[in-house]
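Please read the following explanation with the sequence and the coordinates at hand. It moves from whole chains to individual elements and residues.

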Amino acid sequence: MALLEVHDLVVEFPTRRGVLTAVDEISLHIDEGEVLGVVGESGAGKSMTGNAIIGLLEPPGRIARGEILLDGRRIDNLPYDQMRTIRGKEIGAIFQDPLTSLNPLYTVGEQLVETIQTHTDMTPTQARARALELLIEVGIPAPERRVDQYPHQFSGGMRQRVVIALALCVNPRLIVADEPTTALDVSIQAQIIALLKRLCSEHGTAVMLVTHDMGVIAETADRVAVMYAGRIAEVGPVKQVVKRARHPYTHGLMGSIPVIGHDADRLTQIEGAMPRLTDIPTGCAFNPRCPQATDRCLRDRPEPMPTEDGQVACWLFEKEAAHV
Amino acid sequence: MSEVMRTEASLSDTTMLEVSNLKRYFDVSRPFLNRVLEGAPRQILKAVNGIDFKIKKGETFSLVGESGCGKSTVARLIVGLYAPTEGKIEFEGRNIGGLSRREMAPLRRRLQMIFQDPYASLNPRWRVRDIIAEPLRAFDLESDEVGIERRVGELLSFVKLTPADGEKFPHEFSGGQRQRISIARALASQPDFLVCDEPTSALDVSVQAQILNLMKDLQREFELTYLFISHNLAVVYHISDRVGVMYLGQLAEVAPATTLFRDPRHPYTRMLLDTIPDLDMTGRQRMPVAGEVPNPITPPSGCSFHPRCPFATDRCKSEAPLPRDLGSEVFVACHGVEENRIPRGPVIDAPPALR
């Protein structure tokens, strides 16, 4: 059984002009110790999916349908207090901006100790020792001194290390990391990715890595889910998706990334932009931008179809899917 | 200028912009009273600390570096948004550093800028046609409203929008379309030189590809010269002819793009290159990245990269390296390169202290 299972999740936003569907019937699973990359452009619904899993959808956003199961147990309909104990203890979260996810009024040590004591029955002395251990583990120099400092005394990269320490402090089984390196400089980004990867494999933590950066995914993920307009376009092992994308959107996305050493004068471009939630096209949401769209794509919405190692939601692969 | 068709060679031989010993310092001291009462010293941030480069007509020169390295300050110095503390900025041989607004005015037509954030750089209360027409009116480039309307429509079609889009307000457009509007506005005054400060950093990759392709097309069509500022090395590789790598207000290395990416000489350039995610998934060996950019108010002594450099020696700690010409348009500021003790090739080990 998978550690996390999401079945037909629908996230909606009621607005004055009607209900907007940000996440539209998506299903995915993450195995124990696996890193699932969720990639897509802004507005694809990837962060919404992550927030729904950790139970932090901002109102008026709500889970309209579907189920989220952690270890076979439903967690999408739990009361706030119960979800609060799961969050932190079983699911950790890392957000994009480390400054807003740390409390500026408490020292880093106090925040770590508080989190540790909320979820375990350690004494304050034990919790502090554990906090120090964690800071060493995430590679903060001079931890004995740094533990009593405030977040503003840390640089961006060091803060994100603290956030990772916070997420890992009670050994959760799953971490939802939403754009963990987007706010950081390239040289820091590489260090944070390496750290996250190392710690999660040492602790056997599964990760749902939400990002727009295909490079980060290629470096880190075992499997990738590509999202477009609130739906999953394609899921598969990272090598397959990066090197031999099936869905025309993934294909275009990969072609539009400039790569060092490839002497293309022009980048492949996907015309147009992702549709707004208010006017998602009928049929396949990608059809207005798809070079291979047929009449059927304008009419019928493709459901994810199985392939030999994943899924793809595109009519072009109907025949192939039938053989699997 | 004569009407004779210029060949590729003569195009790329004319220097359009030359920057020499350019410096820009910012006073970031506490207020006077605090300094007196608390004995706090004056603090000077050397955002740009003595850089030299040339941009040839028709080429794309990029500055790349991490946040705080001073690349955006250089952009702002060149378009005249800041006055240099020291040094020269020569545009077609004429020093334009520190000109007054009035003296700068005629040059503004020829030197335009595209900003990073297309949400902040367009006035939300103006219609797109007025945004694009503003340079036309400011420089008196069209005689009447009919001419302005025709020209705005033309500019919109250059950036693959339609003349009808001129009636809309910026909020009706997506990020990529807004950046097209910024480009149309920058092109309105028929500039020769465009300073592009992270023009695609706020955009999604598929939209980024559209904008980069558009910029290349426009460059060819209007013989534009670009100064391109970015932190994204892959984008820089794609768009540039020559690249300058900045670190803490100084240029570590300047080289033609293909040379820089194939054979990086400065250890910082190599470190930056090794941070690029490996999309080809070749599993190539890479130099482990270590350390962070130091505080630019109190930069390290000697070579400012020495605390992160695996090859640092005592000389690097005490003496700041100057850029040296290595031939084939490659300039590197590194004692190690000068002393020939930096191995070339892709694999470098991190210093033991940082391992």
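The paragraphs below treat the two chains, their contact, and selected elements of each.

This is a predicted model, in which local features need pLDDT of at least 70, side-chain atom pairs count only at pLDDT 80 or more, and totals for chains, interfaces and linings use all residues. Residues are numbered from 1 along each chain as its sequence is written, while chains are lettered from A and ligands numbered from 1 in the order in which they are written.

Chain A contains 13 helices and twelve strands; helices (H or I, at least four residues) and strands (E, at least two) are DSSP runs, numbered from the N terminus. Along the principal axes, the C-alpha atoms of chain A fill a box of roughly 65 × 50 × 40 Å. Of the 324 residues in chain A, 48% are buried. A residue is buried if 20 or more other C-beta atoms lie within 10 Å of its own, exposed if 12 or fewer, and partly exposed in between, with C-beta atoms placed from the backbone. Among the contacts in chain A with a separation of 6 or more, 62% involve residues 24 or more positions apart; two residues are in contact if their C-beta atoms, placed from the backbone, lie within 7 Å.

Chain B likewise has its own totals. Its secondary structure comes to 13 helices and twelve strands. The radius of gyration of chain B is 22 Å, close to the 20 Å given by the globule rule for 355 residues, so chain B is as compact as a globular protein of that length. The C-alpha trace of chain B spans about 70 × 60 × 45 Å along its principal axes, and 44% of its 355 residues count as buried. For chain B, 65% of the contacts between residues at least 6 apart in sequence join residues at least 24 apart.

The two chains meet through 32 residues of chain B and 33 residues of chain A. On the side of chain B that touches chain A, the elements that give two or more residues are helix 8 (205-222), helix 9 (233-239) and helix 11 (267-274) of chain B. Helix 8 of chain B gives the most, with nine residues. This side of chain B divides into 17 nonpolar, ten polar and five charged residues, where Ala, Val, Leu, Ile, Met, Phe, Trp, Tyr, Cys and Pro count as nonpolar, Asp, Glu, Lys and Arg as charged, and the others, Gly among them, as polar.

Within chain B, eight strands form an open sheet of mixed pairing, in the order 6-7-8-3-9-10-12-11. Two strands pair if DSSP finds at least two bridges between them. Strand 6 (111-114) and strand 11 (324-325) of chain B stand at the edges with a single partner strand each, so one side of each has no neighbour in the sheet. The antiparallel strands 11 and 12 (residues 331-332) of chain B are joined by two bridges, and B:Arg324 stands opposite B:Val332.

In chain A, strand 10 (residues 231-237) has six of its seven residues buried, so this strand is largely enclosed by the rest of the structure. Six bridges join strand 10 of chain A to the antiparallel strand 9 (residues 223-228) of chain A, with A:Tyr228 opposite A:Arg231. These two strands form a hairpin with two residues between them, and A:Ala229 in the turn has a positive phi of about 50 degrees. Strand 10 of chain A also pairs in the antiparallel sense with strand 12 (residues 311-312) of chain A, over two bridges; here A:Val235 stands opposite A:Gln311.

A:Ile26 lies in strand 2 (residues 18-30) of chain A and is buried, with 26 other C-beta atoms within 10 Å. The C-alpha atoms of A:Ile26 and A:Arg231 are separated by 6.0 Å, although the residues are 205 apart along the chain.

Notes:
Rg over C-alpha atoms; globule rule 2.2 N^0.38 Å.
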